[in-house]
Amino acid sequence: MIRTLGPVRRLALIRCGKLSKTVPTITATLAALLLIGLSPWPAASLPLYARQTGQPCATCHTAFLELTPFGRRFKLGGYTLGGGDWTGPPFAVMLQAPTFTHTEAGQEGGAAPHFGTNNNFALQQVSLFTGGRITDNLGAFIQGTYNGVARRISWDNTDIRYANAVDIEGHNLLWGVTANNNPTVQDVWNTIPAWSFPYISSALAPTPTAKPFIEQVYAQQVAGLSGYGFLDDLFYFEFGGYRPLSTNTQLVLGIDTTGQSPISGVAPYWRVAVEPNFGNHSWEVGTFGLASKVVPMRLSGAGTDSFADIGIDTQYQYLGDPHTVTARVAWIHENHNTSASQTLGLADNSNNTLRSLNASISYIYDHTWSFTAGRMSIGGTADAAVYGTFTGSPNSAGWITEIAYLPFSYGGPSFWPWLNMRIGLQYTLWNKFDGATTNFNGAGRNAHNNNTIFAYAWIMF
């Protein structure tokens with residue numbers, strides 16, 4: 001996926017393991033991507049969309065990946081807007097390379113397999129995209145990714161849409177259907193998990209153990225279908241559900257199924273928001289959520305756990321020339337019934353709660369320079385068996401700042417007009433990590449030891 005996330009280590013929920021790197025898995029995944037791409041048929045700042053519409057990246061993005069009102073409506077319209085004269089193949093490539101990660105103190109045993117304890121360079125990610133307009137009403141965003149840290153290839157974010165507009169007694173309704181593989185990937189605001197800041201982060205830096213289920217836990221492990229409407233360019237509503245993909249299907253698509261706690265049945269998903277636009281200003285306020293029964297660690301003998309994630313969010317955006325400001329806040333509350341996990345010895349409590357906060361503000365000058373500061377925190381009920389932390393607590397909190405340079409927002413150089421690039425420097429400071437400020441792991445490591453400097457080049461063409 002475009003936004004790289006660290007491993008999830010919630011003991012009773014999901015663990016990220018190494019993906020099988022066998023030739024059959026890689027071959028099957030490549031074949032699946034090729035078939036999808038050739039069928040007759042991030043959103044990211046994809047050059048293939050710029051070629052399709054004839055618009056520079058700055059039309060849809062303040063600074064990729066952050067969308068403008070125009071970009072949000074392009075996505076809601078099913079990626080179908082035309083206007084360009086490109087007749088080549090509908091593909092784009094993304095590179096997150098080179099990247100450099102430095103933590104205040106090295107990580108014992110190495111930051112990841114094949115990497116040192118500190119000061120690591122990496123080719124973090126390579127992705128192939130296809131999609132765009134298929135018919136007047138059908139479009140897609142399809143991504144396949146090679147993860148250079150885990151050294152695996154797999155399918156990634158996928159969003160296929162049908163969209164149309166109707167007039168209802170003087171009211172305009174843009175409506176559509178989305179089939180996707182990651183709860184929140186279909187969303188158009190940069191507040192909720194799939195597209196929230198930071199848009200890129202180090203895959204070699206420590207990350208907190210705990211996070212709500214809706215925060216990418218089921219990315220690429222499910223298939224979802226939902227219907228949505230956007231009334232009078234103001235009110236947005238969406239309702240749908242997700243089912244788990246079978247183990248064999250996930251393996252064919254390059255996903256490691258080790259330690260998964262899959263959804264049982266269908267997980268309902270909802271999203272409601274209002275976004276008034278006045279002059280150069282837009283302001284969104286909304287709510288979203290995901291709920292489901294869960295089979296803990298695929299062990300069905302004790303029944304199922306359940307969870308309900310409910311979030312509220314808001315985003316303010318000022319689009320001036322040459323100044324742009326975007327402020328984003330999202331808060332998520334999770335209620336997690338762990339009675340089945342407790343019976344299996346995978347939880348200390350029969351019920352846990354989590355609360356997640358992600359807030360950030362960006363100033364962007366002329367779509368070229370981006371300055372962002374953010375606050376993130378996670379807190380909730382202590383449960384050593386669920387979270388696997390030394391303290392038993394899931395609590396973590398920190399700050400993040402970033403400066404980025406985007407030289408090609410108005411178009412690439414004459415010899416490569418569809419080139420786009422983001423060069424960034426990011427600093428993350430941890431006040432608390434996995435439940436403590438000092439000695440959070442029982443081996444003398446302090447929260448500030450995980451403070452991280454991350455430098456990157458992010459290239460798309």
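A residue counts as buried when its relative accessible area is under 20%. Gln-426 has a relative accessible area of 3%, so Gln-426 is buried. The model discussed here is predicted.

Start with Gln-426. This residue lies in strand β22, which covers residues 420-432. The side chain of Gln-426 makes a polar contact of 2.5 Å with the side chain of Glu-402. A polar atom of the Gln-426 side chain also lies 3.0 Å from the backbone oxygen of Ile-200. Beyond its neighbours within four places in sequence, Gln-426 is in contact with residues including Pro-198, Ser-201, Ile-400, Thr-452 and Phe-454.

Thr-80 is another polar residue to look at. It sits in the loop between α4 (69-76) and β5. Its relative accessible area is 11%, so Thr-80 is buried. The Thr-80 side chain reaches the backbone oxygen of Gly-77 at 3.0 Å. Setting aside residues up to four places away in sequence, Thr-80 touches Gln-52, Phe-74 and Arg-133, and also a run of residues that includes Thr-135, Asp-136 and Asn-137.

Now turn to the nonpolar side chains. In soluble globular proteins, such side chains tend to be buried together. Here the largest nonpolar core holds 33 residues. Leu-46, Tyr-49, Phe-129, Phe-141 and Trp-458 touch the most other members. The elements α2 (47-53), β5 (91-103), β21 (396-405) and β23 (452-460) each give two or more residues to this core. β23 gives the most, with four residues.

Aromatic rings come next. The count of aromatic pairs is 24. Phe-100 and Phe-121 form a tilted pair, 4.9 Å from centre to centre and with 50 degrees between the planes. Phe-100 is in strand β5 and Phe-121 in strand β6 (residues 120-122), so the pair links distant parts of the chain, 21 residues apart. Phe-100 is partly exposed at 23% relative accessibility. Phe-121 is exposed, at 60%.

The pair of Tyr-242 and Tyr-269 is edge-to-face, because the planes stand at 90 degrees, with the ring centres 6.0 Å apart. Tyr-242 lies in strand β12 (residues 235-244) and Tyr-269 in strand β14 (residues 267-274), so the pair ties together parts that are 27 residues apart in sequence. Tyr-242 is buried at 2% relative accessibility, and Tyr-269 is buried at 1%.

Finally, ring pairs link Tyr-49, Phe-74, Tyr-79, Phe-129, Phe-141 and Trp-195 into a cluster. Of these, Tyr-49, Phe-129 and Phe-141 were met above among the core residues that touch the most other members.

Note on methods
Residues numbered from 1 in each chain as written. Predicted model: local features only at pLDDT ≥ 70, side-chain atom pairs only at ≥ 80, totals over all residues. Heavy atoms only, no water. Core = buried A, V, L, I, M, F, W, Y, C linked by side-chain atoms within 4.5 Å. Buried < 20%, exposed > 50% of the residue type's maximum accessible area, 1.4 Å probe, protein only. Polar contact = N/O pair within 3.5 Å; in protein donor to acceptor, adjacent residues only side chain to side chain. Contact = heavy atoms within 4.5 Å. Phe/Tyr/Trp six-rings, centres within 6.5 Å; stacked < 30°, edge-to-face > 60°.
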